[in-house]
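Colleague: Could you put the model on screen and take me through it? I shall ask as we go.

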Amino acid sequence: MASDKDAQVIISGGGPVGMALAIELGQRGISVLVLEKYPEPQRIPKGQNLTPRTMEHFRAWGAETQLRAARPVPAEFGIGGLTAYGTLLGDYHYDWLKRELVRPYYAADNERLPQYETEAVLRARAVELDAVTLRTGVEVDAAKQDETGVTVTAHERASGAGFSVRANYAVGCDGARSPLRVSAGLTQTVRDHDRQMVLLVFQSEALHKALLDRHPGKSFFNVLHPDLEGYWLFFGRVDLEGEFFFHAPMPAGADKESFNFQSYVESAVGAEIDMDVRHRGFWDCRVAIADDYGNDRIFVAGDAAHNHPPYGGYGINTGFEDARNLGWKLAARLQGWGGSTLLGSYDAERRPVFASTATDFIEASIATDRAFLKKHDPVRDRASFEDEWAGRATGAASEVGSYQPNYRGSPIVAGARDGSADAIAEHRFEARAGYHLAPRTVPSGGTTFDHLGSGFTLLALGADGHAGTFAEAARALSIPLDVVPLTREGALEDYGASLVLVRPDHFVSWSGDDSSEAAEILRLATGKAA
């Protein structure tokens, strides 16, 4: 590392995405300096639902066991979701967002816990790594890049004293108003839904008891009400001690200082409850996406790159995937085995996935619910409503089943390379270029996930001679490659190829049966292709 650098990578923001990126880099031996406002995570229980894919990340980061131990709701209670009509305690409801349905395609169960607990686990894991330095109580002001690096200016929040630090690269994981995004000149496209939303955190023994009796094993609740035109009244259980959070649109023209929030929550519950409000916050309902996720040496991830209404638990999980994608690519460039186009593929892969997530899932769900509520009413036509409601209940698994971010069309993935990445795909075990590799049982025990290395991995399913060609090409190109010879039998037949090249983030780069173009395949996968 050059003598004028304080680290190889500076991360602005030590929230969940910033700490995840620090771990991803630190485990690869990249020196990281994280600059974070708050000495401790803020105790606001947002971002609770973690997907099976996110839990694969925590396993790779060496923090899965610690994360599950931090869960405030015991595993035996359950973490299921529910959609209700009219009121939380009304007559119509069905199970919702059943992520366990796609569990066979991932190596870990989904999880649910408050974001501040997730942050605490990530901080603890990050400081275990010698390569990671976390500096809290500081706020980043701006960044300036040149041909050899990035200078970040910041100040101590307590004293106001300013300072500057320097690195090869800088990443803004610093929220929707990201100073690094502004400094890099990265513009945003914003779709405003023209709604002010409220977030309440409150204690209620009555609601706790009512839900234990009415909906045992459920931890998050989406209430559809015709007056809200598809926007949700959303409750989340924080623990089994009666703490909940609630977010919903503020009524038009309501004054947030004089508004009767207890009455609003009670109308959503469908009963009077005790209510001790511990936090009240407001935010604008909108979808925003950076028009590019990077500019030369400055990149953005998480809410700095994209933000949206917290519907469906996509936000924090999308941010973690940003970190996993960008982390190995920064490490590859800094360690000299990544090509000149590799970092550009971060935007090419991650930005279309969020655009699809926002349009095809979040905003589509608002529009679908709006149309349903406008057309169907149990008071006006109970039979028609109940038929449609039963259909919605039956189809509730489709959202989870069809949500599979993929990088088909990526410039570093074998295939069309036409920019067609999105978030919609059928879950399959076939090893498809640009898709997450589903784990399959191996004859020696465990799954293929257990055999994936920190660099590239070639699963050689009864193709040892071809594997040697890849290994030789990787050595010549100085690309880290683990070759895993396995017998192609049983579940491994599902991959549909005898050779599967897997990236460090466990997406498939290429699959096939012929190694004659091994060098070209590896060059493509690492951004070295002409």
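Colleague: Which helices and strands each supply at least two residues of the lining of the largest cavity?

Modeller: Helix 2 (52–60), helix 8, helix 9, helix 11 (398–402) and strand 19 (403–406) each supply at least two lining residues there. Helices (H or I, at least four residues) and strands (E, at least two) are DSSP runs, numbered from the N terminus. This is a predicted model, so local features need pLDDT of at least 70 and side-chain atom pairs count only at pLDDT 80 or more, while totals for chains, interfaces and linings use all residues. Residues are numbered from 1 along each chain as its sequence is written, and side-chain values use heavy atoms, with hydrogens and water left out.

Colleague: What volume does the largest cavity have, and which residues are closest to its centre?

Modeller: Its volume is about 330 Å³. The lining of the largest cavity comprises 23 residues, and Thr51, Arg53, Tyr106, Tyr403 and Pro405 are the closest to the centre. On a 1 Å grid over the protein atoms alone, a cavity is a set of points where a 1.4 Å probe fits but cannot get out; a pocket is an open set with protein on both sides within 12 Å along at least five of seven lines; and lining residues have an atom within 4 Å of a point. Grid points are joined across faces, edges and corners, and a volume is the space filled by probe spheres set on the points.

Colleague: What is the lining of the largest cavity by class?

Modeller: It has ten nonpolar, eight polar and five charged residues. Ala, Val, Leu, Ile, Met, Phe, Trp, Tyr, Cys and Pro count as nonpolar, Asp, Glu, Lys and Arg as charged, and the others, Gly among them, as polar.

Colleague: How many cavities of 30 Å³ or more does a search of the whole structure find?

Modeller: The search finds two. The second largest cavity holds about 40 Å³ of space, and its lining includes Gln48, Arg71, Arg112 and Arg237. By class, that lining has six nonpolar, two polar and three charged residues.

Colleague: Turning to pockets, which element gives the most to the lining of the second largest pocket?

Modeller: Helix 9 does, with six residues. Strand 5 (93–96), helix 10 (382–394) and helix 11 are also among the elements that each supply at least two. The second largest pocket has about 380 Å³ of space and 17 lining residues, with Ser365, Thr368, Asp369, Ser398 and Glu399 nearest its centre.

Colleague: Now salt bridges. How many does the count come to?

Modeller: The count comes to 35 salt bridges, each being a side-chain nitrogen of Lys or Arg within 4 Å of a carboxyl oxygen of Asp or Glu. One of them joins arginine 350 to aspartate 322, with the closest N and O atoms 2.8 Å apart. Because arginine 350 lies in helix 9 (residues 344–375) and aspartate 322 in helix 8 (residues 315–335), this pair ties together parts that are 28 residues apart in sequence.

Colleague: Is arginine 350 buried or exposed?

Modeller: Arginine 350 is buried at 2% relative accessibility, and aspartate 322 is buried at 0%. Buried means under 20% relative accessible area, exposed over 50%, and partly exposed in between (1.4 Å probe, protein chains only).

Colleague: Which residues do salt bridges that share partners join into one network?

Modeller: The network consists of Arg59, Glu64, Arg68, Arg71 and Glu111. Elsewhere, arginine 103 pairs with aspartate 109 in a salt bridge, its closest N and O atoms 2.6 Å apart. Arginine 103 is partly exposed at 27% relative accessibility, as is aspartate 109 at 42%.

Colleague: How many disulfides does the structure hold?

Modeller: The structure holds zero disulfides, a disulfide being a pair of cysteine sulfur atoms within 2.5 Å. Cysteine 173 is buried at 12% relative accessible area, and cysteine 285 is buried at 0%.

Colleague: Finally, the backbone. What is the phi of leucine 97?

Modeller: Phi of leucine 97 is near 55°, a positive value in a residue other than glycine. Most residues other than glycine have a negative phi. Leucine 97 is in the loop between strand 5 and strand 6 (111–112) and is buried, at 6% relative accessible area. Serine 478 likewise has a positive phi, about 60°; serine 478 is in the loop between helix 12 (464–477) and strand 22 (481–486) and is exposed, at 52%.
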